[in-house]
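Please examine the structure shown below together with its sequence.

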Amino acid sequence: MAENQIKPKIGNYRLKDLRAEHVDLWLDELAETLATKTIVQIHNLLTRAIRMAEKRELVGRNVSALCETPHGQEGRPSTSLTLDQAVAVLKACDGEKFGAYVITSLLTGIRPEEARKLLWEAVDLRGKPPSISVLRADRVGGDTKTKKSRRALALPALVVDELKRHRVRQKTQRLLAGEAWQEHGLVFTRDDGTLLDPMRVLRGLRVITKKAGIGSRWKVRELRHSFVSILSDGDVSVERIADLVGHSTPNTTQTVYRHQIRPVIVHGAETMDAVFGKGDQTG
């Protein structure tokens, strides 16, 4: 079981190229579907394997040992914001460094790694409708998860407005950085224009959730879970939600986001009411 989880992902990297960021992303992905106990076992196996390489001086440090094991579905399943909480978070984004990231993630449902690696060339703020093209849903290993992960998403007005403001702020940031700026065309960056690491994003999110009055235990992936939950509560079908979040089948959506999909199936009751009436039958 553990080897089957490690080889397809981490196994694509040479030990010298493996970074803590890669391990963090991989563990975060496992946490969406596996129990905490299983994730602990898998993480420990990778850590022990790299430790053996350390002893043989094949690698300078054990990057797996630097990473915390996330809670999985058994200990702390991913939760989602209520509508009121989501509104509070959106308001709390005002003036915050990671506000644009959080607003975009919450209102489009893109994956954390899709948001971190989003390029300006994939953003069309003048289109009809404005949209983003999610073309590089890079998981550990560098490949898009499925063909449906490559998708174009229309942008809500709040996201369009925020990204316009964010682009202006980024131009100022580029000027302040001067020669230290490294241009990669990324929408969300560090102060020098380079790729954000997951822990930096997590800290930024928790500043916002704390400001919103809902605590600081939230995970970045729970913005995506919240997107699914809000859509489900708004009577959007699971098939349409699957398309929006880039899942290959609705079954994947129901499995991964089973706590967020509203489980009410009313068709049978509606048919019986139509056939037999609504409680007016005599015994």
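Arg-116 counts as buried, at 2% relative accessibility; buried means under 20% relative accessible area, exposed over 50%, and partly exposed in between (1.4 Å probe, protein chains only). This is a predicted model, in which local features need pLDDT of at least 70 and side-chain atom pairs count only at pLDDT 80 or more, while totals for chains, interfaces and linings use all residues. Residues are numbered from 1 along each chain as its sequence is written, and side-chain values use heavy atoms, with hydrogens and water left out.

Which residue forms a salt bridge with Arg-116? The partner is Glu-21, and the closest N and O atoms are 3.1 Å apart. A salt bridge is defined here as a side-chain nitrogen of Lys or Arg within 4 Å of a carboxyl oxygen of Asp or Glu. Because Arg-116 lies in helix 6 (residues 112-116) and Glu-21 in helix 2 (residues 20-30), the pair ties together parts that are 95 residues apart in sequence. Helices (H or I, at least four residues) and strands (E, at least two) are DSSP runs, numbered from the N terminus. Glu-21 is also buried, at 15% relative accessibility.

A salt bridge between Asp-191 and Lys-97 has its closest N and O atoms 3.0 Å apart. This pair links distant parts of the chain, 94 residues apart: Asp-191 is in the loop between helix 7 (157-177) and helix 8 (198-211), and Lys-97 is in the loop between helix 4 (83-92) and helix 5 (99-108). Asp-191 is partly exposed, with a relative accessible area of 47%, whereas Lys-97 counts as exposed at 53%.

Arg-169 and Glu-162 meet through their side chains in a further salt bridge (2.8 Å, N to O). Arg-169 is partly exposed at 40% relative accessibility, while Glu-162 is buried at 9%. Elsewhere, salt bridges that share partners join Arg-19, Glu-21 and Arg-116 into one network. The structure holds 11 salt bridges.

Cys-67 is buried, with a relative accessible area of 8%, and Cys-93 is buried at 2%. How many disulfides does a search of the whole structure find? The search finds 0 disulfides, a disulfide being a pair of cysteine sulfur atoms within 2.5 Å.

Most residues other than glycine have a negative phi, and most peptide bonds are trans. The peptide bond from Lys-128 to Pro-129, however, is cis, with omega near 5°. Pro-129 lies in the loop between strand 1 (123-124) and strand 2 (131-134). Glu-57 has a positive phi of about 55° although it is not a glycine; Glu-57 sits in the loop between helix 3 (36-55) and helix 4 and is exposed at 72% relative accessibility. Asp-235, likewise not a glycine, has a positive phi near 65°. Asp-235 belongs to the loop between helix 9 (221-233) and helix 10 (238-245) and is exposed, with a relative accessible area of 59%.

Finally, the chain as a whole contains 12 helices and 3 strands. Of its 283 residues, 45% count as buried. Among contacts (heavy atoms within 4.5 Å) between residues at least 6 apart in sequence, 62% join residues at least 24 apart. The accessible surface of the chain comes to about 15700 Å², of which 52% belongs to carbon and sulfur atoms; accessible areas come from the Shrake-Rupley method with a 1.4 Å probe, and for residues only the protein chains shown count as cover.
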